[in-house]
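The sequence and model are shown first.

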Amino acid sequence: VQLQASGGRLVQSGGSLRLSCAASGRAFSSLSMGWFRQAPGKEREFVARISRSGGSTLYVDSAKGRFTISRDNAKNTVYLQMNSLKPEDTAVYYCAADVRGIYSGADYAHVSQYDYWGQGTLVTVSS
């Protein structure tokens, strides 16, 4: 599976941005997808996850109400719509694919749950 993330750029605080991640190499509808982010000097952290069909989503608390994960299985693409951006959202954002699709407890938020990773796209939010 190859993942190509795009859409990151410099945006002002309070602004919006939509990230995209195009997948290839495997039936996209067989993959659960996630977004993670990594700020300078920090560990990679979970942002959002969407099920294979798109019917189930999960978010980190700081993203709830501001970010929306969605997918278009016909286009083999997962999106992350980010609104009301804050300087603390500044990070490299990574999309990731989970082949198994099942998890225990909060494992969906763990890096180890995901099998494939994109190269990352930089989001910078200025104050």
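## Arg 26 and its surroundings

Apart from neighbours within four places in sequence, Arg 26 is in contact (heavy atoms within 4.5 Å) with Val 1, Leu 31 and Val 99. Arg 26 is found in the loop between β3 and β4, and with a relative accessible area of 40% it is partly exposed. On this scale, buried means under 20% relative accessible area, exposed over 50%, and partly exposed in between, with a 1.4 Å probe and protein chains only.

## Basis of the model

The model is predicted: local features need pLDDT of at least 70, side-chain atom pairs count only at pLDDT 80 or more, and totals for chains, interfaces and linings use all residues. Residues are numbered from 1 along each chain as its sequence is written, and side-chain values use heavy atoms, leaving out hydrogens and water.

## Gln 113

Gln 113 lies in the loop between β9 and β10 (116-117). Its relative accessibility is 7%, so Gln 113 counts as buried. Beyond neighbours within four places in sequence, its contacts are Arg 49, Asp 98, Arg 100, Ile 102, Tyr 103, Asp 107 and Tyr 108.

## Nonpolar cores

A nonpolar core is a set of buried Ala, Val, Leu, Ile, Met, Phe, Trp, Tyr and Cys residues joined through side-chain atoms within 4.5 Å. The largest has 29 residues, and Met 33, Trp 35, Leu 80, Met 82 and Tyr 93 have the most contacts inside it. Two or more residues come from each of β1 (2-6), β3 (17-24), β4 (32-38), β5 (45-50), β7 (67-72), β8 (77-82), β9 (91-98) and β11 (121-126).

A second, separate core of five residues includes Phe 36, Phe 46, Ala 96 and Tyr 108.

## Overall fold

The protein chain has 11 strands and zero helices; strands are DSSP runs of E with at least two residues, helices runs of H or I with at least four, numbered from the N terminus. Of its 127 residues, 41% count as buried. Among contacts between residues at least 6 apart in sequence, 57% join residues at least 24 apart. The C-alpha atoms fill a box of roughly 40 × 30 × 25 Å along the principal axes.
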